[in-house]
Amino acid sequence: MSSASNTLISVLYHCPCNGATQSPGGLDTGVRVNSEGEEAVVPNASSNSELEAQLKLPLQPNSELLVLRASAIENLYYCDDCSELRCSRCVIEEPAGYHCPNCLFDVPTASVRSEKNCCARNCFQCPVCTHMLSVVETDTETRPFSFACSVCYWDSREIGWEFEKATGISPQIEAIKASDQQAKEYTSLLEYWRTVYRISATSAPTSTLGGHSVGGALKSRFGLSSGLAGNSASTAVIPPYQAAGYMDTDHTRVSQRMNIENVDTVPPLSADLTSIEPQRIRLHMKLARRCRSCHHILIKPESKAQATRFKIQLMAANFLPTITLPNRLSPKTPVLLPEMPLRVGKTVPLVLRFANPLYSEMRVTVAACAPEQDSHVEVVAQQFVLAPFTELWEYDEDEDEDSDGSSSGERSAGRQRGIVDRQGNRVAIQLNLTPKAVIDNLTVPLFVTCTHQDDMDMDTDAPASAPAGGDSSRRTVTNKFWVYISLGPTVQ
Amino acid sequence: METPYSTYIKAEFIETDTGNKVSRRSLISGSQNIVLGGKTIVHPKCTIRGDLRRAGPTHQASVLIGRFCSLGPYSVLRPPHKSYKGVFSYYPLKIGDHVDIGENSIIEAASIGSYVVIGKNCIIGRFAIIKDCCLIEDGAIVAPNTVVPPFSVVAAGPPAKVVSHLPESIQEVFEARSKDNYAKFVHE
């Protein structure tokens with residue numbers, strides 16, 4: 001079995017969101033009831049063919065949008081308040097901590113702003129190859145340390161950066177840069193314009209939100225009657241800027257630069273690298289994710305940079321069944337994956353394995369779409385039940401794989417037609433697939449509905465009502481989603 | 001799409017009592033300085049240089065590998081070396097659990113975290129630090145002294161750069177993958 005064909009096979013789950021807006025009309029998901037109320041509508045076997053006829057594909061299988069809207073289950077989230085699937089486009093991201101990717105030092109949020117999103121410690125990027133610079137010892141006697149890049153062998157001595165100590169590089173760099181006239185001029189210019197802005201912002205009437213009262217109070221204090229009069233009065237208070245030491249006297253070059261109309265040619269990057277300085281390394285952000293509709297937190301990472309755990313982690317794989325294409329059930333049984341590439345007109349059995357991640361039983365209904373031009377799929381086992389997941393299966397699995405008799409025994413036990421194998425919380429079902437056309441990537445869409453009883457206590461219910469009702473804290477949760485199974489090219 | 005079963009000839013592999021499966025055709029030197037956590041597979045022609053260790057009186061392990069790891073065929077694991085203040089010495093190479101090292105890769109890192117997948121034909125430079133839950137793509141050349149932060153996908157090179165990030169569930173995905181790999185590596 002070549003590994004190349006395995007990489008073409010994928011199972012993608014479709015998220016019906018619109019990206020920017022909330023969840024969709026069209027698909028009815030997350031029906032929530034209590035035991036006294038009406039039951040959730042679950043399509044039963046008799047009406048499955050009607051369901052098939054009604055099903056409308058959200059996206060054609062060969063649509064380019066499939067890449068955006070459907071993804072593997074690892075990338076998807078699940079909001080348990082809304083009981084719906086969420087993809088990375090329909091969650092709100094917010095920062096949950098900043099750290100430097102080089103030294104993995106947690107940066108407090110206040111320092112992030114002041115250091116302009118860069119690492120304030122000894123983390124610099126090589127100007128030539130953008131790799132991280134490391135402090136090395138050189139053989140010069142005074143100032144024995146410098147930055148060196150281990151990839152392109154660039155050394156900071158080329159631009160004159162040499163340090164006396166290996167630690168505390170930042171203040172040493174400040175000292176080197178302080179003697180630079182242009183840098184000093186720049187900082188004093190910035191300070192001047194900041195003060196101008198501050199004064200003009202407080203005296204001028206600010207727009208709409210809350211500006212009226214402030215403007216009114218200030219106006220009355222200074223005895224000003226109109227906004228215009230106020231502006232001119234305040235700017236007259238600040239003296240015009242005095243150059244701190246550096247002045248560019250080349251007026252022709254300055255005026256040329258200021259009067260540029262079109263930029264047709266771009267000069268080539270000069271080979272002179274003596275003036276390029278290493279940049280500081282930018283900080284990385286840890287993201288927390290929220291559901292867009294109910295603002296429930298889906299992902300909350302631990303704030304420490306090194307920690308890979310999550311305080312809250314609601315992934316789709318923990319709530320929805322994982323669908324895979326098994327290779328074979330045990331080393332002795334035949335290969336279940338159909339022969340690649342698939343041939344047009346030849347009906348092959350396609351085996352799909354569903355795994356239940358929940359601690360309660362799940363009822364699954366699989367429906368194929370109404371006749372497609374690319375392929376025809378017949379779902380043999382349309383409705384089946386998945387046993388709950390228990391950790392004990394993890395230990396028993398090794399024994400099941402070794403003994404080849406057990407799984408075949410299940411198969412021949414005359415269970416539901418179309419179920420190939422049942423092992424713990426996993427069920428393998430059979431579909432009969434007939435490709436109809438020669439295409440680059442055959443994609444089979446399936447509509448999966450899964451229902452389970454959620455035993456969680458509702459937060460809103462008062463504890464007094466729980467014992468009387470008994471079942472009042474249980475609710476039936478239904479999830480419906482489309483799955484696109486890619487199987488690679490078909491040939492004649 | 002699920003991992004296929006791969007069989008091996010029983011006589012070709014040594015199976016230890018902690019479940020490690022070490023190929024007899026692997027090139028292991030200094031085995032007393034190598035620690036394998038349980039259930040690790042060492043494929044044929046994999047080189048582990050346990051003999052490169054810091055000269056010292058105490059017995060120190062030079063290569064420490066965690067559980068459910070898989071060291072691909074023709075890969076090379078060697079501890080990194082450095083000359084510090086005129087003294088040349090080797091530093092230990094530590095690898096976490098659930099690490100999958102692809103074939104023909106050369107690993108000279110200082111430490112590799114857990115749940116890391118390293119592709120084929122990679123070169124991990126000296127004293128690189130790869131944190132947990134990372135993916136190093138095939139053919140990536142990671143420069144010396146690089147720090148690869150958690151959940152990053154590193155590709156190309158030299159020097160290899162972070163190209164994208166992994167989803168939050170990748171720890172469970174890699175853990176299931178390495179356990180599945182071990183369970184499906186059976187003798188015929």
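## Interface of chains A and B

Across the interface of chain B and chain A, the rule finds two salt bridges (a side-chain nitrogen of Lys or Arg within 4 Å of a carboxyl oxygen of Asp or Glu). One of them joins B:Glu168 to A:Arg289, with 3.1 Å between the closest N and O atoms. The model is predicted: local features need pLDDT of at least 70, side-chain atom pairs count only at pLDDT 80 or more, and totals for chains, interfaces and linings use all residues. Side-chain values use heavy atoms, with hydrogens and water left out, and residues are numbered from 1 along each chain as its sequence is written.

## Extent of the interface

In chain B, 28 residues are in contact (heavy atoms within 4.5 Å) with 38 residues of chain A. The two chains bury about 2,800 Å² between them, 58% of it on carbon and sulfur atoms; buried area is the accessible area (1.4 Å probe) that two parts lose on being put together, summed over both. Of the area that chain B buries against chain A, 29% is supplied by B:Met1, B:Tyr5 and B:Glu168, more than by any other three residues.

A:Val377 belongs to strand β18 of chain A, residues 375–379, where strands are DSSP runs (E, at least two residues) numbered from the N terminus.

Leaving aside neighbours within four places in sequence, A:Val377 is in contact with residues including A:Ala368, A:Leu431 and A:Val444. The C-alpha atom of A:Glu361, 16 residues away along the chain, is separated from that of A:Val377 by 27 Å.

Definitions and conventions. Chains are lettered from A and ligands numbered from 1 in the order in which they are written. Helices (H or I, at least four residues) and strands (E, at least two) are DSSP runs, numbered from the N terminus.
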